[in-house]
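This report was prepared to accompany the sequence and the coordinates shown below. It moves from the chain as a whole to individual elements and residues.

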Amino acid sequence: MPSIKFALGLKPAKAIEWLQAKGVTAESYRNLTASEIAKVYTIARITDLDMLNDIKQSMIKAADNGQAFADWRKDILQHLQNKGWLHPNGHDGKVIIDPTSGEVFGAPRRLENIYRTNMQTAYSAGQYQGYMANIDSRPYWMYDAVGDHRTRPAHAAMDGLVYRYDDPFWATFYPPNGYRCR
């Protein structure tokens, strides 16, 4: 049996490339077309371009280094504090805020959703490129839900469905299809 140890240390090159290629915008998703959304990096309710770019760069670094969420969170919170964007909040610890405008971007607990959404989307985009490069040999794809206690009923219901790569199903349901989709 061949050893796969060599693959365990490989960086997710396509995911990193996908993140690097995205422009940064403070424009709300609601105001962007689907093709614009595919080309830009933005986070809901964050309108400071410097903060958006810093978070994007931290995502690229995390993907490049294989950094786990807990380590990324610690690093980004320290970075936000150093930049003056993390401030004490009387009732629940800290809040991420733009010190020049006073705009509140949310609590640090929101960072997990930001991290997971960006990483899953980047990894899925890289995976998609690989699948598309191999469609002559493997034109049929199967929806594969994780199948644990956190799997949404709608995603569990699709588990095992098989469609050709160009079926309209994939335009809607290619993962991640929803926040925290794995």
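**Overall description**

The model is predicted. Its chain contains eight helices and seven strands, and the C-alpha trace extends over about 55 × 40 × 35 Å along the principal axes. Of its 182 residues, 34% count as buried. Among contacts with a separation of 6 or more, 51% are made by residues 24 or more positions apart. The accessible surface amounts to about 11,500 Å², and carbon and sulfur atoms contribute 54% of that area. As to charge, there are 22 positive and 19 negative side chains, with the centres of the two sets 4 Å apart.

**Helix 4**

Helix 4 covers residues 49-65, 17 residues in total. From first to last C-alpha it reaches 24 Å, close to the 24 Å expected at 1.5 Å a residue. At its start, a side-chain oxygen of Asp 48 comes to within 2.9 Å of the backbone nitrogen of Asp 50. Just after the helix, Gly 66 adopts a positive phi of about 65°.

Where does Tyr 115 lie? Tyr 115 is found in helix 6, which runs over residues 111-133. Tyr 115 counts as buried because its relative accessibility is 8%, under the 20% cut-off. Leaving aside residues up to four places away in sequence, Tyr 115 touches Met 59, Ala 62, Gln 67, Ala 68, Phe 69 and Trp 72.

**Helix 5**

Helix 5 comprises residues 69-82 and includes Ala 70; Asn 82 also lies in this helix. The side chain of Asn 82 forms a polar contact of 2.8 Å with that of Gln 78.

**Pairs separated in sequence**

| Pair | Separation in sequence | C-alpha distance |
|---|---|---|
| Tyr 115 and Arg 180 | 65 residues | 9.8 Å |
| Ala 70 and Glu 112 | 42 residues | 8.9 Å |
| Asn 82 and Arg 109 | 27 residues | 18 Å |

His 155 belongs to helix 7, residues 153-158. At a relative accessibility of 10%, His 155 is classed as buried. Which residues does His 155 touch, not counting those up to four places away in sequence? They are Tyr 143, Ala 145, Asn 177 and Cys 181. Helix 8 spans 169-173, and Pro 176 lies in the segment after it. The peptide bond joining Pro 175 and Pro 176 is cis, with omega about 0°.

How values were computed: Residues are numbered from 1 along each chain as its sequence is written. This is a predicted model: local features need pLDDT of at least 70, side-chain atom pairs count only at pLDDT 80 or more; totals for chains, interfaces and linings use all residues. Side-chain values use heavy atoms; hydrogens and water are left out. Helices (H or I, at least four residues) and strands (E, at least two) are DSSP runs, numbered from the N terminus. The expected span of a helix is 1.5 Å times one less than its number of residues. A polar contact is a pair of N or O atoms within 3.5 Å; within protein, one must be able to donate a hydrogen and the other to accept it, and residues adjacent in sequence count only if both atoms are side-chain atoms. Buried means under 20% relative accessible area, exposed over 50%, partly exposed in between (1.4 Å probe, protein chains only). Contact means heavy atoms within 4.5 Å. Accessible areas come from the Shrake-Rupley method with a 1.4 Å probe; for residues, only the protein chains shown count as cover. Lys and Arg count as positive and Asp and Glu as negative; His and the chain ends are not counted. The place of a charge is taken as NZ of Lys, CZ of Arg, CG of Asp or CD of Glu.
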